[in-house]
Every structure is written in C-alpha cells, then in structure tokens.
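Let's take a walk through this structure together. Have the sequence and the 3D view open, and follow along piece by piece.

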Amino acid sequence: MEANIAIPTDGKNTWSGGGVRPFGASYGKMMMWFFIVSDALTFSGFLAAYGLTRFKFIDSWPIADEVFTHVPFIHGNYPMYYVAFMTFILIFSSVTMVMAVDAGHKMQKSKVAWYMFATIIGGLIFVGSQAWEWNTFINGSYGGVKTTNGKVLQFVKDGKQIALSDFVVGTRMDERVTHSKKNGLWFVSGEEVPKYSLAQITASYKADPSVQIRIEKIDMDKKKKYILSREKGLAELANGQRVVEGANLSANEYGNTIFANFFFFITGFHGFHVFSGIVLNIIIFFNVVLGTYEKKGHYEMVEKVGLYWHFVDLVWVFVFTFFYLV
Amino acid sequence: MAHAHGSNVKRIWMVFGLLSVVTIIEVYLGIVKPEILHLTSFLGTSPLNWIFIILTLFKAYYITWTFMHMEGEKKWFRRAAIWTAVFLVCYLVTLFLIEGGYLHSTLAPLVKW
C-alpha cells in the first residue's frame with residue numbers, strides 16, 4: 001500500500017484527510033461538495049425523466065394550476081399561493097442557516113444555536129406543508145371518471161370544473177358497499193367503493209343539462225383542455241370504467257397516471273432530503289449547544305451541514321419551476 | 001477556511017431580498033399567465049416558460065454563489081463541482097427531451113380522442 005501513495009495518510013487523522021487540503025478546502029467540505037454533485041445528478045435524472053414524459057404527453061398533461069389550488073383553512077380557488085409560501089419558507093430557512101455559518105466564523109455560540117434552531121423550525125414547517133399538500137392531492141377535490149381506454153373525464157359547469165358532489169344526485173343504483181369487518185361472514189379486504197357509482201353519475205349527467213365533460217386533450221392554441229358537447233360527452237361517459245376520487249399510484253382524477261407517480265416520487269424524494277436535513281441540523285444544533293465546536297476551535301461542521309441544507313433549497317427551486325410553473 | 005472572516009450579514013439579506021422578489025415575480029406570472037407570453041412559442045416552448053427557466057437559473061446561481069459560498073472557494077475547486085454538474089445535466093436533459101419529443105411524434109397519432 002505504502003508504495004502506491006505519495007504521502008502516507010495513515011494515522012489518527014486519516015478520516016479527515018490528515019490535514020491535507022487540496023484547493024484550500026478541508027476533506028469534509030470537499031466530500032460534501034462531491035456528494036452534492038452526485039445527488040444533484042440524481043435529481044436531474046428524475047426531472048429529466050419527468051421532462052421526457054411530459055414531452056411525450058405534451059397535448060394531454062394535467063395543467064398544474066388546475067391541480068394545486070388549495071390553501072389550508074381557506075376555501076376557494078387559489079392556485080400556486082401555497083407552494084409559493086413553501087418556497088419562501090425554504091429560502092428563509094436557507095438564510096437563517098447561512099446566518100448560523102456567519103455567526104460561527106465569529107465564534108458566537110449562542111447566535112449559532114439560535115439560527116440553527118430557526119432553520120430547524122423552517123424545515124419542519126416545510127415538511128408539514130408538504131404532508132398537507134400530499135394529503136390534499138391524495139384525497140382530491142373534484143373526482144372524475146376513468147374510461148376503458150385509460151382516459152380521465154372531468155365535469156365542468158360554465159367552463160369551471162365542478163366536483164361530483166356538486167351535481168350527482170340519487171342513489172348508487174348498484175347496491176355496492178365497501179367490504180369491512182362488520183359486513184359479511186368472512187372478511188375479504190377489497191378496494192374502497194367510491195361514493196358515487198358510474199350509473200348514478202351517468203343518470204345525473206343526463207338529468208342536468210348544464211353539466212359538461214372536459215377531456216384530457218389540450219387545445220394547444222388556447223392551452224386549455226377541450227370541453228365536449230353534451231352528446232359527445234354522453235358517448236364518452238358510456239366508455240366509463242370506474243370512478244376516481246383523488247390520486248394513488250394506479251389512477252388519479254387529474255389525468256395521466258404517471259403524473260401522480262412523478263408527483264409522489266419527486267416531491268417525496270425531495271421531502272425525504274428535507275427530513276434528513278432536519279435530522280442533521282438537530283444533531284449539529286445539540287453539538288453547538290454542548291459546546292463541541294467551541295472546544296474544537298471552529299464551526300466548520302455547521303458550514304458542511306449548511307451546504308447540504310442549501311442544496312435541498314436549490315433542488316426545491318428547480319422542482320417548483322418544473323412541477324408547478326412550467 | 002479559505003475565505004475572509006468578515007461578516008456578510010448585509011449581503012445575505014440583500015440576496016434574500018433578491019430571491020424573494022424573483023419568486024414573487026415567478027408566482028405572479030404563473031397566476032396571471034399573460035397571453036402574449038403564454039400562448040406564443042419561442043425556441044420550442046412559450047416565452048413564459050423561458051422566463052421561468054431563466055429566473056430559476058438566476059436563483060440557483062445566487063444560492064450556490066452566496067449561500068453555499070462558492071464565490072469564496074478556489075477557482076478549480078469551483079470548476080470541479082460546477083462544470084461537472086452543468087455538463088452532465090445539459091447532456092442528460094438534451095437527450096431526454098429530444099427522446100420525449102420523438103415519443104410524442106410517434107405515439108400521439110395513434111391515440112384516439
């Protein structure tokens with residue numbers, strides 16, 4: 001082994017590079033940067049795959065500001081506001097993080113601790129918001145019908161999307177109920193039966209002449225989804241296979257199945273990064289409070305964790321653009 | 001640490017203001033979607049999308065250069081990370097998007113609406 005390396009590195013300091021500082025950066029900082037580069041490539045892979053799929057279905061992809069329209073505690077249609085808030089929170093927690101690093105350079109222990117604490121709070125608010133966003137996305141807000149050829153039909157009134165509960169009346173007409181332990185001699189688990197049946201929806205559609213059907217296909221000149229005439233809509237509805245409410249990995253009310261899959265995968269992977277960032281921040285926070293870095297003589301560990309935290313913010317900037325804006 | 005130990009507090013707040021303003025502009029454009037930017041096409045996509053992409057890269061630059069302190073690192077350390085990532089990302093994205101366009105041109109005519 002010794003013959004193959006120019007400078008022997010064994011000894012106590014091997015883990016930290018033994019004081020060797022290529023490019024004037026410490027071993028730890030350099031490795032954090034190289035980790036970030038490789039992680040950035042992973043995220044680019046996801047976003048590029050998203051781009052490929054979106055280009056593949058360019059004329060039928062769900063329109064983001066028709067999907068993400070909710071703000072907690074407020075009713076109504078507010079596209080984008082909540083994600084904008086999340087972006088803002090993450091940028092702000094990046095600021096408090098960089099303030100912690102700055103205070104670290106000046107060896108101000110309590111300031112570092114307080115800024116780390118603020119960063120952790122920011123991260124928690126972000127993850128909480130994302131959980132809420134997932135919950136809204138999974139539960140859905142309008143509901144739709146999936147046809148035998150895999151297309152999703154949505155319902156509109158005066159050009160605005162309406163929920164199934166806004167126009168469907170009457171009874172299910174097919175007596176189906178969700179299997180649960182209390183009904184049936186032998187409990188067989190099964191799919192949850194949606195609130196309305198297909199026959200019931202079709203009957204209500206026929207009964208209410210103001211309801212129209214919107215298909216996934218986009219009018220590329222207006223960048224809006226096509227709305228069918230009443231007769232055409234009824235013909236499409238005749239191909240209906242199942243009622244979809246909300247989203248899961250096999251169907252969603254927003255349109256293409258793979259749209260929801262990418263949503264879960266990309267924001268989930270990012271959310272997991274935020275989560276691990278919070279865990280790292282908490283560990284470092286306690287080290288700061290216990291005076292570990294004060295004894296060590298420098299706060300470089302705060303800087304290294306900070307790099308990771310900023311990277312998470314950086315990724316979100318791109319996810320925000322390509323998922324919600326473009 | 002290779003960089004100066006002077007305080008950057010003022011600059012950090014300035015960058016924060018800049019990033020916030022850019023985000024607000026993005027969200028504003030995303031909600032309003034001015035027709036002249038949204039419904040026209042320029043170099044393969046709408047000018048609005050180009051604005052979003054440019055503003056995103058602008059934000060990414062500021063996050064990397066000030067928050068992640070790349071401006072204070074040695075030139076070749078910076079290049080080792082940034083050039084590698086930028087080159088590979090451009091390569092990947094170009095190929096994937098071309099393939100996506102090809103898939104659309106081949107498969108879309110087969111879809112019956």
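Start with a pair of helices: helix 1 of chain A passes helix 10 of chain A in a right-handed crossing. Keep in mind that you're looking at a predicted model. Helix 1 covers residues 27-56 and helix 10 covers residues 300-325, and their axes come within 10 Å, crossing at roughly 15°. Angles under 35 degrees count as roughly parallel, so helix 1 and helix 10 of chain A are roughly parallel to each other.

Which residues meet there? From helix 1 of chain A, they include Trp33(A), Ile36(A), Phe43(A) and Leu47(A), while helix 10 of chain A brings Leu307(A), Phe311(A), Val315(A) and Phe318(A), among others. Sorted by class, this contact has 12 nonpolar, one polar and five charged residues.

Now hop over to the strands of chain A. Strand 2 (residues 152-157) pairs with strand 4 (residues 211-219) in the antiparallel sense, over four bridges. Here, look for Lys157(A) standing opposite Val211(A). Strand 4 also pairs with strand 5 (residues 224-227), again antiparallel, over three bridges, and Arg214(A) stands opposite Ile227(A). Strands 4 and 5 of chain A form a hairpin with four residues between them, and in the turn Lys223(A) has a positive phi of about 55°.

Finally, how do the chains meet? On chain B, 48 residues are in contact with 48 residues of chain A. Helix 4 of chain B gives the most to chain B's side, with 17 residues. That side has 29 nonpolar, 14 polar and five charged residues.

Notes. Residues are numbered from 1 along each chain as its sequence is written. Chains are lettered from A and ligands numbered from 1 in the order in which they are written. This is a predicted model: local features need pLDDT of at least 70, side-chain atom pairs count only at pLDDT 80 or more; totals for chains, interfaces and linings use all residues. Axes are lines fitted to C-alpha atoms, for helices over the stretch in contact, and angles run from 0 to 180 degrees between N-to-C directions. Helices (H or I, at least four residues) and strands (E, at least two) are DSSP runs, numbered from the N terminus. Angles under 35 degrees count as roughly parallel, over 145 as roughly antiparallel, 65 to 115 as roughly perpendicular and the rest as oblique. A crossing is left-handed if the near helix is turned anticlockwise from the far one by less than a right angle, and right-handed if clockwise. Two residues are in contact if their C-beta atoms, placed from the backbone, lie within 7 Å. Ala, Val, Leu, Ile, Met, Phe, Trp, Tyr, Cys and Pro count as nonpolar, Asp, Glu, Lys and Arg as charged, and the others, Gly among them, as polar. Two strands pair if DSSP finds at least two bridges between them.
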